[in-house]
Amino acid sequence: MTKILSFFLISFTLFSCSSGKKAREFEIDYKILNASNKIEPDWLESTDNYKGDKDYHYFLSQSENRNRRLCVKSATARSTAVIASEISQEIANDYTEVTNLDEDSQEVKTFSETLTQSIRTKVSGVRVKEQYWEKRQKMKDDKLIGDPYYACYSLVGIKEETLQRAIRYAQEKAIAVAKDSHKEELRQKFEE
């Protein structure tokens with residue numbers, strides 16, 4: 001009997017101390033009234049969860065609007081900006097390493113904005129792979145307030161080859177707009 005009691009107490013202690021990770025809970029300030037799919041797609045959490053063509057790199061863009069059709073179109077149209085922004089951010093990070101500037105400095109911000117605008121003109125061949133929308137309405141104190149609106153998401157893909165071409169273009173543009181004292185070091189950084 002003592003052995004059983006001891007075993008039970010040790011087991012209880014071990015199980016109570018080994019609390020695993022718990023899912024976080026968030027309080028949302030809206031109610032979902034409708035959606036394009038009853039189950040939220042996995043790719044909303046991470047584009048890595050999308051099981052698509054291996055020759056494509058995937059990006060997620062989103063938009064909000066009171067009109068569903070305009071919301072979906074806007075989310076799709078923003079995809080080019082999302083791709084350009086991600087490429088620009090990666091190159092701006094390299095630029096801040098080379099120049100030892102703070103990423104919040106005006107020079108880095110200007111550099112990044114100039115780069116993003118240039119890249120947007122070179123990104124092409126973006127394909128919409130999936131779309132998802134939710135009709136939402138704001139809530140306060142468990143009461144619906146305001147007008148309903150749509151939150152729309154577009155999963156877009158760009159061929160890896162096209163993406164690499166855009167990155168190379170952005171790197172060349174970055175070298176061209178960089179100060180002369182940083183051009184060679186930046187070129188070497190891009191070759192790594």
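Which residues in α3 meet which residues in α4? In this predicted model, local features require pLDDT of at least 70 and side-chain atom pairs count only at pLDDT 80 or more, whereas totals for chains, interfaces and linings use all residues. Residues are numbered from 1 along each chain as its sequence is written, and side-chain values use heavy atoms, with hydrogens and water left out.

T80, A81, A84, S85, I87, S88, I91, A92, Y95 and T96 in α3 are in contact (heavy atoms within 4.5 Å) with E107, V108, F111, S112, L115, T116, I119 and R120 in α4. The residues of this contact comprise ten nonpolar, six polar and two charged. Helix α3 spans residues 79-99 and helix α4 residues 106-122; their axes lie 8 Å apart at an angle of about 140 degrees. The two helices are therefore oblique to each other, a term for angles that are not under 35 degrees (roughly parallel), over 145 (roughly antiparallel) or 65 to 115 (roughly perpendicular).

The structure contains nine salt bridges, each defined as a side-chain nitrogen of Lys or Arg within 4 Å of a carboxyl oxygen of Asp or Glu. One of them joins R165 and E161, at 3.5 Å from N to O; both residues belong to helix α5 (residues 160-177) and are four residues apart, about one turn of the helix. R165 is partly exposed at 43% relative accessibility, whereas E161 is exposed at 58% (buried, under 20% relative accessible area; exposed, over 50%; partly exposed, in between; 1.4 Å probe, protein chains only). Another salt bridge links E192 with K189, with the closest N and O atoms 3.7 Å apart. Through shared partners, E97, K189 and E192 form one network of salt bridges.

Notes. Axes fitted to C-alpha atoms, helices over the stretch in contact; angles between N-to-C directions. Nonpolar A, V, L, I, M, F, W, Y, C, P; charged D, E, K, R; others polar.
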